[in-house]
Amino acid sequence: MDCRRIQDLIPLFVEDDLDARQSSLVSGHLKSCGSCTVVAREYRESQRWLRQYVPREFDASFFEEIGKQVRARAGETSAATLRDRILSRFWSAQLAAAAAALLVLLCGIAFLILRRGAKEGGLTSALPAAARSAGDVGTSTDDPAGTAGPQQVVQTPATVPIQRASHRRTHKAVVQAQAGVMTASDIRFVIPASMGFGDAETAGAVSKEPQLLRIYIQTSDPNVRIIWLVPKLVDGD
Amino acid sequence: MAGEAFEIALMPDDSRLREDAEKTTDASIAQLIERAGSGDAAAFDQIMICYQHRVVGMAWQLLGSEDDARDAAQEVFLRVYKYLKSFRRDRSFAGWLYKISVNVCRDIARKRGMGCKAASLEGELDLGNLDGLASDEDIEAAAISSQQRRIIAHAMDTLSAKEREAIVLRDLQGLSTEQVASILGSTVSTVRSQISSARKKIKRYHDRLMNQRRVR
C-alpha cells in the first residue's frame with residue numbers, strides 16, 4: 001500500500017479506530033516507512049494536545065447553581081403538569097356537559113320536527129276515525145239526522161292512504177272539522193278557492209231547502225270529503 | 001406533590017448525599033433511575049450529582065463557554081427529570097443522557113447563532129479563580145492552561161459542527177465510534193469519516209502552532 005493511502009488511515013490508526021485488517025496493514029507499513037512514522041507521531045502529539053481541551057475545575061457553587069435552577073424549574077414543571085391535569089379534567093367535564101346539552105337540544109329539535117311532520121301528514125288519515133268516534137259521521141249525505149254536526153262520506157275508510165296536507169288552509173279546515181267547532185263563516189274563511197264549495201255551490205250548495213245548508217268540503221285527502229249540514233241563516237236572524 | 005417533595009429532598013449543601021452519589025456504581029445507577037422514575041427526588045439528585053461533571057464538561061467542549069455550559073446542563077437535567085419515565089430501561093442511560101446533551105447544545109448553539117462553535121473563551125482567566133490559587137507557580141500554571149485552552153478552542157473552531165460533535169464525543173469524552181454514531185444518529189462509517197477529517201484539521205492547526213513557536 002502506498003504512503004498516501006496509509007496517511008489517510010493514520011488519523012484513525014492512532015486512536016485504534018481501524019478494523020484489525022487495516023490496522024495491521026498500517027502497522028506493517030510504518031515499520032518500513034520513516035515519513036509515515038513521523039506523520040503518525042505528529043498525529044499522536046496533536047491528539048495529546050487536543051486532550052488538554054478540558055474545562056477548568058468548576059467549584060461547588062457552580063454545580064449548586066445548576067442544581068438550584070433545575071430544582072426550581074422542575075418544581076414549576078410539576079406544578080404546571082398538575083395544573084394541566086386539573087385543567088384537562090375540568091375541560092373534559094365541561095366538554096361532556098356541553099356535549100350532553102347539545103344532544104338534548106338536538107333530540108328536542110328532532111322530536112319537534114317529527115311531531116310536526118306527523119301532524120301534517122297524519123291528520124288526514126286520522127280524521128275519519130276521529131270523526132267516527134265523535135259519532136258525527138253519516139253514511140248518507142241525505143240523512144237529515146246529522147244536522148248537529150259535520151258528516152263525512154268516507155269512500156275507502158279501511159285503507160285511507162296517508163298523505164301530507166300540502167295546503168295549510170285545508171289542514172286548518174280539517175283540524176277545525178275534527179274538533180267540531182267549525183262554523184259557516186269559518187268555512188268560508190278556511191276553504192281554499194280551488195276547493196271552495198265545489199259542486200255544492202254549482203249544485204246549489206247553499207241549498208234552497210228551507211232549513212239546511214249542505215256544504216261540501218274536499219280535504220287534501222281525495223278519499224275524504226266533509227259534508228256539513230248547517231241550519232240556514234235567514235237575513236235578520 | 002412530587003415537585004414539593006423534590007424541593008424538600010434536594011438540599012444543595014447536603015454533602016453526605018454528594019459523597020453517597022460519588023460512590024454510586026454502575027449497578028446502582030439502574031436502581032436510582034428506577035426510583036427517580038417513580039418520583040423519588042433524592043434518587044434524581046444522586047443521578048444529577050453523578051453525571052453533572054460529565055454533562056457540563058461536554059457542553060463546555062461543544063459550546064466553548066462556561067455560561068452556555070451551565071445553561072445547557074440545567075436544560076439537560078430538566079429534560080431528564082421530565083422524560084425519565086419514558087426512558088427505556090433496556091438502553092444505556094449514559095447514551096441517552098449524551099443524546100439529550102448533544103440536542104440541548106445544538107439548540108443553544110442555534111439560538112446564539114454559532115452552530116456549535118465555541119463562542120468565546122474570554123472569562124476563562126478570570127481573576128476570581130486565580131485569587132484562590134496557592135502560589136505563583138499555580139497562577140502561572142493556571143494561566144498557561146487557560147492560554148492552552150484558548151488556543152485549542154481556536155483549533156476546534158476550524159471544525160464543522162458535526163466534526164466537532166464527533167471528536168468531542170470520541171476523543172474528549174472517550175466514547176467508542178459505535179456509541180458516537182448512536183448518539184449522533186449516524187452511521188459508524190460517517191462518524192469515522194468525520195473523526196478522521198477533524199483529526200486532520202486539528203493536526204494541521206497544531207503543526208502550524210508548533211512551527212510558529214519554533215520560529216520564535
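In this predicted model, a lysine from one chain sits on a ring from the other: B:Lys203 lies over the face of A:Tyr43, at 5.2 Å from the ring centre. The lysine belongs to helix α11 of chain B. Despite its charged side chain, B:Lys203 is buried, with a relative accessible area of 10%; the cut-off for that label is under 20%. Setting aside neighbours within four places in sequence, the contacts of B:Lys203 are with A:Val39, A:Glu42, A:Tyr43 and A:Ser46.

Helix α11 of chain B turns up again when we look at the aromatic rings. Over all chains, the count comes to ten aromatic pairs. One of them is formed by A:Trp49 and B:Tyr205, a stacked pair with 6.2 Å centre to centre and 20° between the planes. This pair joins two chains, because A:Trp49 lies in helix α3 (residues 34-50) of chain A while B:Tyr205 lies in helix α11 (residues 188-215) of chain B.

A:Tyr53 has 0% relative accessibility, so it counts as buried. For B:Trp60 the value is 0% relative accessibility, so B:Trp60 counts as buried.

Chain B also has rings that group together. Ring pairs link B:Tyr51, B:Phe87, B:Phe93 and B:Trp96 into a cluster.

Turning to helix packing, helix α6 (residues 93-112) of chain B packs with helix α9 (residues 161-172) of chain B. The angle is about 145°, and the axes are 12 Å apart. The crossing of α6(B) past α9(B) is right-handed. On the α6(B) side, the residues in this contact are B:Tyr98, B:Val102 and B:Arg106, and they meet B:Lys162, B:Glu165 and B:Leu169 of α9(B). Sorted by type, the residues of the contact of α6(B) with α9(B) come to three nonpolar, no polar and three charged.

Now for the overall make-up of chain A. Its secondary structure consists of seven helices and three strands, which run along the sequence in the pattern α-α-α-α-β-α-α-α-β-β. Of the 237 residues in chain A, 36% are buried. Taking contacts in chain A between residues at least 6 apart in sequence, 54% join residues at least 24 apart.

One backbone detail in chain A deserves a look. A:Asp16 is not a glycine, yet it has a positive phi of about 60°. Most residues other than glycine have a negative phi. A:Asp16 is in the loop between α1 (3-13) and α2 (20-32) of chain A. With 65% relative accessibility, A:Asp16 counts as exposed, because the label applies over 50%.

Terms used: Residues numbered from 1 in each chain as written. Chains lettered and ligands numbered in written order. Predicted model: local features only at pLDDT ≥ 70, side-chain atom pairs only at ≥ 80, totals over all residues. Heavy atoms only, no water. Phe/Tyr/Trp six-rings, centres within 6.5 Å; stacked < 30°, edge-to-face > 60°. Helix = DSSP H or I, 4+ residues; strand = E, 2+ residues; numbered from the N terminus. Buried < 20%, exposed > 50% of the residue type's maximum accessible area, 1.4 Å probe, protein only. Lys NZ or Arg CZ within 6 Å of the ring centre and 35° of its normal. Axes fitted to C-alpha atoms, helices over the stretch in contact; angles between N-to-C directions. Left-handed = near helix turned anticlockwise from the far one by under 90°. Contact = heavy atoms within 4.5 Å.
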